[in-house]
Structure formats: C-alpha cells, structure tokens
Amino acid sequence: MLKMIIAGLFVFISSSAFSFDILAKSWLIADGDGNVLESENINIQQPIASITKLMTVMVVLDSNDSLNQTYKIRGVTVTRHKLIDLAIIHSDNQAADMLCKTYRRGYSACIQEMNHKAQVIGMSKTEFHDSTGLDNRNVSTPLDLIKLLQAAEKYPAIVNASNQTIVELLSAKKRRFTKWTFSNTNPLVAKYNVVVSKTGYVRLSGGCLVMTVMIKGEKRLFVVLNSRTTRTRIHDMEQLIVAAIEKST
C-alpha cells in the first residue's frame, strides 16, 4: 500500500511539474517532431487572435507574388515584404489586412486559402474568418498550433522576421526623411535562439504566444493560449522555455 501511495504521489508531481504559476489556461511544450512533452488543456478550441497572421503570411508567400510590389500604409509607401515584417514583428493589423486585400484573387480568396492550407497541414480544429485575428471566430487548439509552427519555419521570410527586435518605416517628403520604429511584440526574441514567434491578444483570447526555440541544438515548440494579459503571456512562455532548458541539462 505504501508503495502504491508513493508511486501515485510521484505521478502527481511529475504531471504537474510544469504547471507552477502558469496563468495560461492552455499551454504545451513539444519536441521538433511535434511530440507533446508537457501540456495542459491542449484540445480546447479557442480564439487565437493575431497568431492568425502566421497563416496570412504563409498564404501570401505561397502565391509567389513579388515581394517588391509597393502599397500605401499610414501614408507611407511600403513593399509587400515590409508588410510581412510589420505583420509578424509588430503584429500590425493594417499590414495583415493589406496583405490579404492585395492577394492575387482578392480578400475572400485569401481567407479561403488560409482555411484550405490549415486542412492540408492537418489543422483539423482550426478556422479563419479574417486576416488579422480580430475576428473571434478565428479559432484553433494548442495541438493544431504545433502544426502551424512547423509549417511556418519552412518560410525564410517568417523566420527572419521572427528574430527581429524592431521593424522600421522610412518616408521621404520634399527631401525630408522620417523614420518610425516599431518594437517586436515578443521581447523574448532578444533573449533566446528563436526560429518562429508570434503573439496574439483580443479580449476573448487573452494573451497568446507561440514560439519555436532552439535549445542546445534541438527544437522545442511552445504554445501559450488564454493567459490573463499581454504581459502574463510573456511570463508564462519564459517559464516554459526555462523549464525546457533545465530539463535538457
């Protein structure tokens, strides 16, 4: 009987070891192959906010339209490539909206292709209704988001943007130059060896964050959904990363 109690206690401690002070309702750590190592509530379908933008950018890149095509945003002329950087780095809603509006077959076709691609890569519990994530009907699960991260890391433009701490806009009017600097919405990209990163927040989704991080030469995938705020999503994610680092030692 004593052995059974001790064994049961060990199982309890092991299963809850990563749940300390994590405020997110759903989270997971997976290896580079997508095998879940530690998790909590990973099958719950819920709004994913601006994590949506990863799929928006992938679909736009799949179209092979010129990244040098220019558009106006905030009165500034920017390339499609710059729109991608703004969407990934600063989670800019106007940039994500413009990417879909200028999609070769139009906005509706862009959303359709986002849903199609989700099904192709196995995201069976995911739906998209807009390009930004402001629509609460954009839903997924932590398990599905592993597949999104794995797909996103195949796009150099996304990997490059994920690792930038800032994105800049430069305008020139009457020989006068003005520069705007926007910070990455995920400050952790400055601390870790990041492959892919994307934040998200709307009231219904809470603070969200997905990341692929290299830890001692091995990939680890992290998902945090429905944390209390945009600040606590960072706190939660860093706890998971630190725990994964400690476990790899």
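**A buried loop serine and what lies beyond**

Mentor: Ser91 counts as buried, because its relative accessibility is 13%. Buried means under 20% relative accessible area, exposed means over 50%, and partly exposed lies in between (1.4 Å probe, protein chains only). This is a predicted model, where local features need pLDDT of at least 70 and side-chain atom pairs count only at pLDDT 80 or more, while totals for chains, interfaces and linings use all residues. Residues are numbered from 1 along each chain as its sequence is written, and side-chain values use heavy atoms, with hydrogens and water left out.

Ser91 sits in the loop between helix 3 (80-89) and helix 4 (93-101). Helices (H or I, at least four residues) and strands (E, at least two) are DSSP runs, numbered from the N terminus. The backbone is the point of interest here. Phi of Ser91 is positive, near 55°, and the residue is not glycine. Most residues other than glycine have a negative phi.

Two other residues share this feature. Asn226 has a positive phi near 60° and is likewise not glycine. Asn226 belongs to strand 11. Asn226 is counted as buried because its relative accessibility is 18%. The other is Arg74, with a positive phi near 55°, in the hairpin of strand 4 and strand 5, which has two residues between the strands. Strand 4 (residues 70-73) and strand 5 (residues 76-79) are antiparallel, with four bridges; strands pair if DSSP finds at least two bridges between them. Ile73 has Val76 as its bridge partner. Strand 4 has two faces: Tyr71 and Ile73 are on the covered one, Thr70 and Lys72 on the uncovered one. In a regular strand, side chains alternate between the two faces of the sheet.

Back to the helices on either side of Ser91. Start with helix 3 (80-89). Val167, in strand 7 (residues 166-173), touches Lys82, Asp85, Leu86 and Ile89, among others, not counting residues up to four places away in sequence. Contact means heavy atoms within 4.5 Å. Val167 also touches His90. Val167 and Ile88 lie 79 residues apart in sequence, yet 9.7 Å apart C-alpha to C-alpha. Val167 counts as buried because its relative accessibility is 4%.

Now helix 4 (93-101). Ser131 touches Ala96, Asp97 and Cys100, among others, leaving aside its neighbours within four places in sequence. A polar atom of the Ser131 side chain lies 3.4 Å from the backbone oxygen of Ala96. Polar contacts are pairs of N or O atoms within 3.5 Å; within protein, one must be able to donate a hydrogen and the other to accept it, and residues adjacent in sequence count only if both atoms are side-chain atoms. Ser131 lies in the loop between helix 5 (107-120) and strand 6 (139-140). Ser131 counts as buried because its relative accessibility is 0%.

Where does Cys100 lead? It is joined to Cys110 by a disulfide, S to S 2.0 Å. A disulfide is a pair of cysteine sulfur atoms within 2.5 Å. The bond is left-handed, because the torsion about the S-S bond of Cys100 and Cys110 is about -75°. Cys100 lies in helix 4 and Cys110 in helix 5, ten residues apart. Both cysteines are buried. Cys208 is in no disulfide, and the nearest cysteine sulfur, that of Cys100, is 20 Å away. A search of the whole structure finds one disulfide. Cys208 is buried too, with a relative accessible area of 0%.

Which residues touch the most other members of the largest nonpolar core? They are Met55, Leu145 and Ile158, in a set of 54 residues. Helix 2 (residues 52-62) gives the largest share of this core, seven residues. A nonpolar core is a set of buried Ala, Val, Leu, Ile, Met, Phe, Trp, Tyr and Cys residues joined through side-chain atoms within 4.5 Å. Leu145 contacts Ile48, Ile51, Met123, Ser140, Val210, Val223 and Leu225, leaving aside its neighbours within four places in sequence. A second, separate core has 19 residues, including Leu188, Val194, Phe222 and Val224.
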